[in-house]
Amino acid sequence: MVKNTIYIIDVTNRDGVQTSELGLAKLEKTILNLYLNAMGVFQSEFGFPVTKHETNYLNANLELAEIGALKHIRLGGWLRAMKVDVEESFRLLPKLKHVNLSISTSRQMLKGKFGGKFSWADIINMTCEAVDAAREHGAESIGANAEDASRTELERLIEFAEAAKRHGADRIRYCDTLGYDDPFTIYERVKALAEAVNVPIELHCHNDLGMAVACSVAGARAAIDAGVDAYVNTTVNGLGERAGNADLVSTILAIKKSSGFEHKYHLQDMDLSYAWRICKYASLSFRVPIPINQPAVGDNAFAHESGIHADGALKDSRNYELYHYTEVGRGHIEHIETGRLITAGEYSGIKGFKNVAGKYELEFRDEEEAREILELVRYANVHTQKPVTEDEMKFIAKYPEQARKVMSVQP
Ligand SMILES: [Zn+2]
């Protein structure tokens, strides 16, 4: 066993939601944070601190962390590596503790995106200034993010990482923004970078060539082999810009179960039994179905039909299944009401609401409290524009104050 650890930083609430035509309501982002926390994910990149419609949601989630509802998970904000954005972030979110400071580093972006406005020296200076500012505001962890790292010369990446580290950055995010790397190139480049700078490396890979998970684990392995910790960015169901990011559950499984990683590389403690729940919830919230062949949670992930496979799986599941379905939270029977159904929504009354709450075993102190929660549940339905789920209702009932804040979005 190699001594360093691989951590998971899920970026669904940042990269997932910036996907074209996809988005999440702030309540849905909050529920995802709760699920990620329950799974043991190290950090959730929970949003954009300088984006005004995020402010209430972000502050409410920081409160949830403070009161122990988001107990272990870190909540990290994504912002541009600019002093002005750092200042604004901490002004809007005084309790913010973890940040990722992003800037483009490739020649393509310097020329094609910034139009030559910034020199390479400017990029380094802006990053260092932003890191300094975040430290001054009491940030507990700072990631310096090289956007388009896979198209940036290694010497420049090393220079970027050294400068950021010198100013106190805790890790460097290597972004394969366009999914350009393959597992071999990312291994070589990340290993060289980590060896040169001796700083923990965060892998952020995209799936344009179908290799996001493969590149993520290869990059993580490179960091560990170089003697530093690795952090892998994932999204639930792999949703993200264009062809998406590394899928959360697949990435965890790849590290835990593949022949080259199992018992050799150490993944932080994770509870995969939440896999089914979080993937279904993300699918429902994004309104994007889970492909039938998605690892672990797709309809066919444990289905067998052909004679030899069915016979083999029945004799011993290990014949044709690499891991057991119960490990990823499957195997239960889901109830679908086929008779009378009372739901709770934007025009619900107290009787119907109590019927639904009773099914979820929710209890209220008195009539007043029941009516208060009903009012919030009505707003939740208006807010998400979909039926309020059991876990959403339980969250609202347990943390009404934060639920109200999360749903308060006013232009
Ligand atoms: Zn991305």
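The model is predicted, and local features need pLDDT of at least 70, side-chain atom pairs count only at pLDDT 80 or more, while totals for chains, interfaces and linings use all residues. Residues are numbered from 1 along each chain as its sequence is written.

**Exercise 1.** Determine how helix 2 and helix 15 are oriented to each other, and which residues meet.

Solution. Helices here are DSSP runs of H or I with at least four residues, and strands are E runs of at least two, numbered from the N terminus. The axes, lines fitted to C-alpha atoms over the stretch in contact, with angles from 0 to 180 degrees between N-to-C directions, come within 11 Å and cross at roughly 90° for helix 2 (residues 26-39) and helix 15 (residues 390-398). The two helices are therefore roughly perpendicular, a term for angles of 65 to 115 degrees. With contact taken as C-beta atoms, placed from the backbone, within 7 Å, L27, I31 and L34 of helix 2 meet D391, E392 and F395 of helix 15.

**Exercise 2.** List the buried residues of helix 6 and state what covers them.

Solution. Helix 6 (residues 120-136) has 17 residues. Counting a residue as buried if 20 or more other C-beta atoms, placed from the backbone, lie within 10 Å of its own, one finds I123, I124, T127, C128, A130, V131, A133 and A134. Their cover includes helix 4 (83-92), strand 4 (98-104), strand 5 (141-147) and helix 7 (154-166). Just after helix 6, G138 takes a positive phi of about 85°.

Technical notes: Angles under 35 degrees count as roughly parallel, over 145 as roughly antiparallel, 65 to 115 as roughly perpendicular and the rest as oblique. Two residues are in contact if their C-beta atoms, placed from the backbone, lie within 7 Å. The expected span of a helix is 1.5 Å times one less than its number of residues. A residue is buried if 20 or more other C-beta atoms lie within 10 Å of its own, exposed if 12 or fewer, and partly exposed in between; C-beta atoms are placed from the backbone.
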